[in-house]
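Visitor: I would like to learn how to read the helices in a protein model. Please take me through some cases.

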Amino acid sequence: FITVMSWIQPFQPDKLIQFLHSIPRIGADGTFPAETITTDSSYWIGAAVIPSVIVAVSLLAVILLCFRLCCCRKRIRPAVASQPPSWWGLVMFVCLTLAVVSLAAVQYCHFVAPGVSDAGSYVDGAYSISIQGKTAADQLDVDGSTLTELFQDLNSTCSEKVSQAAQYLNDAAVGVSEYVSQMDGYTDKIQSLPSKIDKAKPIAYGMRTWIAVAMGALFAACCFLCACVVLACVLGFLTCGTVTCERLLLRIGIWVTMLTILLAATIGAVALGFATVSGDYCEDAPRNSVGLVTNAFGSNSTVANLTSYYLLGDGSNVLVVALIQGNESVTSFSDDLDQAKPSLQQQCPEWNRFEEIDSTVSRVHSSIGSLDGLLSGESVYPLLSGIEESFCNKVLVGLAWIVVVQLVVSLCLLPPFMLTASYFLARRAVCVESQAVGQPHDMLVVVDRSAGAPLIAR
């Protein structure tokens, strides 16, 4: 049962994961503190510095944008004011913003959704194995009770009649007792596995939902912003000089822009913090998984022992060791009973349930063999490593690209987009107003950006 762990394969993190791991931290070296994760505050502080800076920068950008749009007045000379503004710059920003946001959707569909589905399928595979293991464990419990009942019946019927078989019967009694005591605790652990694994399913599939919600909120906000700006421009050409609708939509667009910048930057900062911490974990996922389990359950726990055995090949499989012991106890019981069988059949012929014992022992060996195959490293390791691979090299990679898109949109595209839209609508309003009042060419036009309307100064 205990062999060289040939199933262990080296874990290869994606290059983007290595980049996330290499992001500098303040007061920390980027080493994932798996065994001290709940107490190592310096690591968490270091991981939170860059996301906090991003949130602060986004807040500063919103304040500056608000000041620029609401407080500053742009002087436009009559030669420029009388000319209709070009809408190509605005269309370019609309298309560019939607294209970049759509890139996040592509990354989600290419990495996140398949990664979560793969991780879920591995969890389902582990759940299927646990169900089969529970079925075999249930059968071991039934067979243990059957052996106990058969032996008690044999002992009460024949022990006084067959004195020369008494020692074999006593040895067989010890074998049955040892088997039952060994299997009781063991089957309890196996039988509890399906419910524990079933609790992991919402976590695996919930990650896809939360990422989709965050990305969908950004996409919806950007689409609404673009719709406001485009509609304002369209109405500007359809209302024949009236700028009321333009100014209203412009104000809505300004507030949507500010909220979108804060929303995208905050979500992106939180996701970046999660991605950097996950990148540290994924740099050596198997060993860090063992460290997390050890921190949660203790170094001497069965869970820590099994995690270390399956992922690293360290130590021995305590569940398989229990199977070995149970198998040896049943074999010893069966051998002792075979020694006593000739005397029992001759001197106690009324007891004729030997075939039931043989069939029960055969079922025990079959159940133990089935569990040994289900719990082997070759069966379990692909599932555990598959979950790590799906999370680290698919879900996390897609999340990292989505973070990049969110930060580019919130800090690089939306501020100039809104400034361009504001200037376009302001010039449109100035052009319409100047044509309506017939202002002389030597006047200066001062644009009130907060209202999108011209103030004419002589």
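Guide: What follows looks at one helix and then at a pair of helices. The model is predicted, so local features need pLDDT of at least 70 and side-chain atom pairs pLDDT 80 or more, while totals for chains, interfaces and linings use all residues. Residues are numbered from 1 along each chain as its sequence is written, and side-chain values use heavy atoms, with hydrogens and water left out.

Visitor: Which residues of helix α1 are buried?

Guide: An α-helix has 3.6 residues a turn, so residues three or four places apart point the same way. Helices here are DSSP runs (H or I, at least four residues), numbered from the N terminus. Buried means under 20% relative accessible area, exposed over 50%, and partly exposed in between (1.4 Å probe, protein chains only). In α1, residues 15-22, the buried ones include L16, I17 and L20. The buried residues of α1 fall within an arc of 105 degrees seen down the axis, so they line one face of the helix. The arc is taken from the directions from the helix axis to the C-beta atoms. K15 and F19, on the other side of α1, are exposed.

Visitor: At what angle do the axes of α9 and α10 cross?

Guide: Axes are lines fitted to C-alpha atoms, for helices over the stretch in contact, and angles run from 0 to 180 degrees between N-to-C directions. The axes of α9 (residues 285-297) and α10 (residues 302-312) cross at roughly 175 degrees and come within 9 Å. The two helices are therefore roughly antiparallel, a term for angles over 145 degrees.

Notes: Angles under 35 degrees count as roughly parallel, over 145 as roughly antiparallel, 65 to 115 as roughly perpendicular and the rest as oblique.
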